[in-house]
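Biologist: Could you walk me through this structure? I would like to take the topics one at a time.

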Amino acid sequence: MTMLQGQCACGDVRYQAEVDHGRRRYCGCSLCRLALGEAVVVGVDLPAAAVHWREGDAVFYGAASQVRHGFCANCGSALCTVRQDGMVSLEVSTLDESAAIGVRSHIHATYRTEPASWPMAQ
């Protein structure tokens, strides 16, 4: 586990998280794609207790019964997704050192017609 820090684009919401590098992945499910406006979302999964909000608070809304999406109320940056099982998926792009994460897997990719062209971490 590594302690990393992150924030939204405007800096109003800041967090610290104990990250297990083995839980990083791309997600292409329709919930993430629609909520975040991306074809693929890069996240790192961890227990909710591993995320510590240091400044401000994420605002949450439920796009569906399975997940709640957290974002900054001021700038709208997507910060995380909280699942019903208590796991949080942090958006890797909000980490101060996002390059420290890398990606291990690509989930919910059945909508794609060709393999992902992004490099995968070893």
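This is a predicted model: local features need pLDDT of at least 70, side-chain atom pairs count only at pLDDT 80 or more; totals for chains, interfaces and linings use all residues.

Biologist: Is Cys-72 buried or exposed?

Modeller: Cys-72 has a relative accessible area of 1%, so it is buried.

Biologist: Let's move to the histidine. Where is His-69 found?

Modeller: His-69 is part of strand S7, which covers residues 67–71. With a relative accessibility of 1%, His-69 counts as buried.

Biologist: Which side chain does His-69 join in a polar contact?

Modeller: The side chain of His-69 makes a polar contact of 3.1 Å with the side chain of Thr-81.

Biologist: New topic, the sheet. What is the order of its three strands?

Modeller: The three strands form an open sheet in the order S1-S2-S5, and their pairing is antiparallel. Strand S1 (2–7) and strand S5 (51–55) each have a single partner strand, so they stand at the edges and one side of each is left without a neighbour in the sheet. On average, neighbouring strands of this sheet are turned by 25 degrees against each other, if direction is ignored.

Biologist: What holds paired strands together in general?

Modeller: Strands of a sheet pair through backbone hydrogen bonds, and the pairing can be parallel or antiparallel. Here, S1 pairs with strand S2 (residues 14–19) over six bridges in the antiparallel sense, and Thr-2 stands opposite Val-19 in S2.

Biologist: Last one, the largest nonpolar core. Which residues have the most contacts inside it?

Modeller: Those are Tyr-15, Leu-46 and Leu-90, in a core of 19 residues. The elements that give two or more residues to this core are S2, strand S4 (41–47), strand S8 (78–83) and strand S9 (87–91).

Biologist: And what is Leu-46 in contact with, leaving aside its neighbours within four places in sequence?

Modeller: With those neighbours left aside, Leu-46 is in contact with Ala-17, Glu-18, Val-51, Gly-86, Met-87, Val-88 and Leu-90.

Note on methods:
Residues are numbered from 1 along each chain as its sequence is written. Side-chain values use heavy atoms; hydrogens and water are left out. Two strands pair if DSSP finds at least two bridges between them. Helices (H or I, at least four residues) and strands (E, at least two) are DSSP runs, numbered from the N terminus. Axes are lines fitted to C-alpha atoms, for helices over the stretch in contact, and angles run from 0 to 180 degrees between N-to-C directions. Buried means under 20% relative accessible area, exposed over 50%, partly exposed in between (1.4 Å probe, protein chains only). A polar contact is a pair of N or O atoms within 3.5 Å; within protein, one must be able to donate a hydrogen and the other to accept it, and residues adjacent in sequence count only if both atoms are side-chain atoms. A nonpolar core is a set of buried Ala, Val, Leu, Ile, Met, Phe, Trp, Tyr and Cys residues joined through side-chain atoms within 4.5 Å. Contact means heavy atoms within 4.5 Å.
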